[in-house]
Amino acid sequence: MQKSKKDIRALTKEQLREFFVSNGDKAFRGNQVYEWLWQKAAHSFEGMTNISKETREMLQDNFVINHIRVDQMQRSNDGTIKNAVRLHDGLVVESVLIPTSDRTTACVSSQVGCSLDCKFCATARLKRMRNLNPDEIYDQVVAIDNESRLYFDRPLSNIVFMGMGEPLMNYNNVLKAIDKITSNEGLGMSPKRITVSTSGVPKIIKKMADEGVRFNLAVSLHSAIDEVRTSIMPFNENFPLHDLREALEYWYAKTKNRITYEYVVWEGINDKQKDVDALVRFCRFAPSKVNIIEYNPIDDGDFRQATSKAIAMYQRTLEANGITVTVRRSRGKDIDAACGQLANKS
Ligand code: SAH
């Protein structure tokens with residue numbers, strides 16, 4: 001019977017060094033292979049040219065390198081690129097490259113499907129199938145970095161965890177991926193250019209604060225009134241605003257890092273003065289700014305983007321209260337690559 005091979009990228013550098021020592025080789029060989037696996041993102045052992053053929057064969061006998069494959073790449077007429085990414089077990093997630101005049105942002109997935117049940121989001125319909133491994137998250141970033149160099153002549157500059165899934169429900173793997181992305185043994189990116197977006201899992205937000213993470217935090221708020229929020233984001237029942245607020249105050253006290261609230265305004269749901277007043281109060285708990293994002297319709301029409309008048313009311317009220325607010329246009333809508341549209345349609 002053929003023994004099942006282990007995914008070599010599940011090993012830490014130290015474990016890899018120990019593997020070589022226990023096989024009568026030098027620990028240093030572990031460093032070399034580690035560099036191939038992460039910094040050079042090698043997909044096979046054959047290409048590891050500074051490793052002897054014998055050693056490469058030995059690795060081949062013991063391990064596999066699971067890697068993603070970009071199955072399909074779609075380009076929007078605004079330049080946005082959406083990748084359908086096939087994982088080693090055949091499941092598919094999506095990631096998006098968003099170009100602007102001076103930066104390239106990667107929007108990456110953290111789970112296949114999603115643990116949460118937000119009523120306005122296409123990914124929620126898929127349910128959660130599994131968490132992504134650190135290497136599967138890392139590989140999405142590498143793929144987009146390559147595309148950015150190829151099509152835009154510049155490296156990737158920013159990463160947002162706003163693709164499929166709830167990153168804080170796969171926290172350990174997300175953190176491991178970010179460690180690799182920011183490490184000089186990986187992509188060497190600054191954590192300041194990375195934003196983790198969450199629907200708000202208070203316990204994990206506090207844990208992140210305790211661990212002194214240095215990336216940015218965005219919270220998909222959408223309403224600062226419990227009943228309203230629960231009606232559109234049912235998990236709010238278990239993690240009510242009071243707990244979220246406490247966690248965010250804790251986050252700011254520990255990290256001194258301002259929070260971004262993502263917010264869609266929908267007709268008849270959160271487009272009244274009382275809604276914006278509640279948001280203003282919520283913004284006072286910790287230094288923050290508000291990103292009003294456009295609604296990307298996903299199907300039946302239960303949700304409709306609020307009028308521009310209502311959005312202007314939000315903008316005016318927030319500004320009058322000294323809160324920074326930006327109103328963001330969607331990108332990649334024509335290829336279903338915009339926020340909330342990632343659902344493996346093709
Ligand atoms: N689970 C994480 C990250 C994925 S969602 C989170 O909740 O933050 C990324 C962003 O897209 C979130 O702010 C989410 O609320 C928003 N979003 C979801 N569906 C949307 C839709 N149909 N139109 C616009 N934004 C949407």
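My notes on the model, the domain interface and the ligand site follow.

I worked on a predicted model, where local features need pLDDT of at least 70, side-chain atom pairs count only at pLDDT 80 or more, and totals for chains, interfaces and linings use all residues. Residues are numbered from 1 along each chain as its sequence is written, and side-chain values use heavy atoms, with hydrogens and water left out.

**Domains.** I looked up the domain assignment, which is automatic or from a database, and found domain 1 (6-64) and domain 2 (69-335). Their centres, over C-alpha atoms, are 35 Å apart.

**Interface.** I found 7 residues of domain 1 in contact with 8 of domain 2 (heavy atoms within 4.5 Å). The two domains bury about 820 Å² between them, 47% of it on carbon and sulfur atoms; this is the accessible area (1.4 Å probe) lost on being put together, summed over both parts. Arg9, Trp38 and Gln39 supply 61% of the area that domain 1 buries against domain 2.

**Ligand.** I noted 22 residues around the ligand, Phe120, Ser197, Ser199, Ser220 and His222 being the closest (a heavy atom within 4 Å). A polar side-chain atom of Glu262 is 3.1 Å from a ligand oxygen atom. The protein buries 96% of the 530 Å² that the ligand exposes when taken alone (Shrake-Rupley method, 1.4 Å probe).

Methods: Polar contact = N/O pair within 3.5 Å; in protein donor to acceptor, adjacent residues only side chain to side chain.
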